[in-house]
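Here is a structure to read with a set of definitions in hand. Each question asks what lies behind a label.

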Amino acid sequence: MLSTCTLLFVACTTHAAVASVRETDIFFSTYLEGSSGNKALQFFNPTCDAVDLSEYALYKTSNGGIEEWVDLGTDYEPYIQPGDYLVICFEEATLVCDVYSTFITHNGNDAYALYSYVKNEWLDAVGVLGTDPGEGWDVAGVASATSDHTLVRKQAFAGGNANWTASAGTNEEDSEWIVYPQDDWTSLECHTSLTACSTQNA
């Protein structure tokens, strides 16, 4: 589903000139831990091609427990188009989402990781699988930010980071994320990455 907000992107032909981009695969662009059943993950495709979601799995551990996973293409949607999004919400969410699922439920101390079958590697993470941080993980200097907050990937990043410690950072400057208050979901389908493929998406 294409965003209704206007997104300004660098075109494919200029990618070689952008040294800091990681726009080779889908990634988490928004993590939402809202009140009640409003829990969501947004995936963004920054590439110039449709992404076959059968090539990816989403892993989760709750409170540091046993790993669970779902195959994105089998259980949810077959593709994400270039510059497009997939928003997966908990089944009781009141948000407008692409998919509703019992798998997307978290309260701050539950970790997610995105895995590529084709590359045989982890692509992105929110939290650390198999680890219980207590109330939640700190992000950008905000204590327990994965609990009762919305995390939005900064526009300078157009790719995932499987190293959660580096991704979360220690302050606003070195974190890949911006921390917003709980129940702020204005970022859904509005990831304004300056290094994504499309020149404009309206």
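**Reading the labels**

Six strands make up an open sheet with mixed pairing, in the order E9-E8-E3-E2-E12-E13. The model is a predicted one.

Q: What makes E9 and E13 the edge strands?
A: Each of them pairs on one side only. Strand E9 covers 99-101, and strand E13 covers 177-181.

Q: How are neighbouring strands of this sheet turned against each other on average, direction ignored?
A: The average turn is 20°.

Q: How do you know that strand E2 and strand E12 pair?
A: Two strands pair if there are at least two bridges between them. Strand E2 (residues 27-33) and strand E12 (residues 149-153) have three bridges, so they count as a pair. Their sense is antiparallel.

Q: Which residue in E12 is the bridge partner of Tyr31?
A: Leu151 is the partner.

Q: Why is the link of Cys89 and Cys97 called a disulfide?
A: The cut-off is a sulfur pair within 2.5 Å. Here the S to S distance is 1.9 Å, so the pair meets the cut-off. The structure holds one disulfide.

Q: What makes the link of Cys89 and Cys97 left-handed or right-handed?
A: The angle about the S-S bond is -80°, and the link is left-handed.

Q: Why is Cys89 called buried?
A: Buried means under 20% relative accessible area. Cys89 has 0%, so it is buried.

Q: Why does the pair of Asp25 and Lys119 tie together parts that are apart in sequence?
A: Asp25 lies in the loop between strand E1 (7-8) and E2, while Lys119 lies in the loop between E10 and E11. The parts are 94 residues apart in sequence, so the pair ties them together.

Q: Is Asp25 buried or exposed?
A: Asp25 has a relative accessible area of 6%, so it is buried. Lys119 stands at 37%, so it counts as partly exposed.

Q: What makes Lys39 and Glu33 a salt bridge?
A: Their side chains meet at 2.3 Å, N to O, so they fall within the 4 Å limit. Lys39 is buried at 10%. Glu33 is buried at 1%.

Q: What joins Asp124, Arg153 and Glu176 into one network?
A: Salt bridges that share partners join these residues.

Q: Why is Val118 called exposed?
A: Exposed means over 50%. Val118 has 60% relative accessibility, so it passes the cut-off. Val118 sits in the loop between strand E10 (110-116) and strand E11 (121-126).

Q: Which residues make the nonpolar surface patch?
A: Trp69, Tyr117 and Val118 make the patch, which covers about 340 Å².

Q: What makes the phi of Asn63 worth a look?
A: Most residues other than glycine have a negative phi. Asn63 is not a glycine, yet its phi is positive, about 55°. Asn63 is in the loop between strand E5 (56-62) and strand E6 (68-71). Asn63 has 42% relative accessibility, so it counts as partly exposed.

Q: Where does Ser144 lie, and is Ser144 buried or exposed?
A: Ser144 lies in the loop between E11 and E12. Its relative accessibility is 13%, so Ser144 counts as buried. Ser144 has a positive phi of about 50°, although it is not a glycine.

Methods: Residues are numbered from 1 along each chain as its sequence is written. This is a predicted model: local features need pLDDT of at least 70, side-chain atom pairs count only at pLDDT 80 or more; totals for chains, interfaces and linings use all residues. Side-chain values use heavy atoms; hydrogens and water are left out. Helices (H or I, at least four residues) and strands (E, at least two) are DSSP runs, numbered from the N terminus. Axes are lines fitted to C-alpha atoms, for helices over the stretch in contact, and angles run from 0 to 180 degrees between N-to-C directions. Patches are made of residues with over 30% relative accessible area and no salt bridge: like charges are joined within 9 Å, nonpolar side chains (Val, Leu, Ile, Met, Phe, Trp, Tyr) within 5 Å. Accessible areas come from the Shrake-Rupley method with a 1.4 Å probe; for residues, only the protein chains shown count as cover. Buried means under 20% relative accessible area, exposed over 50%, partly exposed in between (1.4 Å probe, protein chains only).
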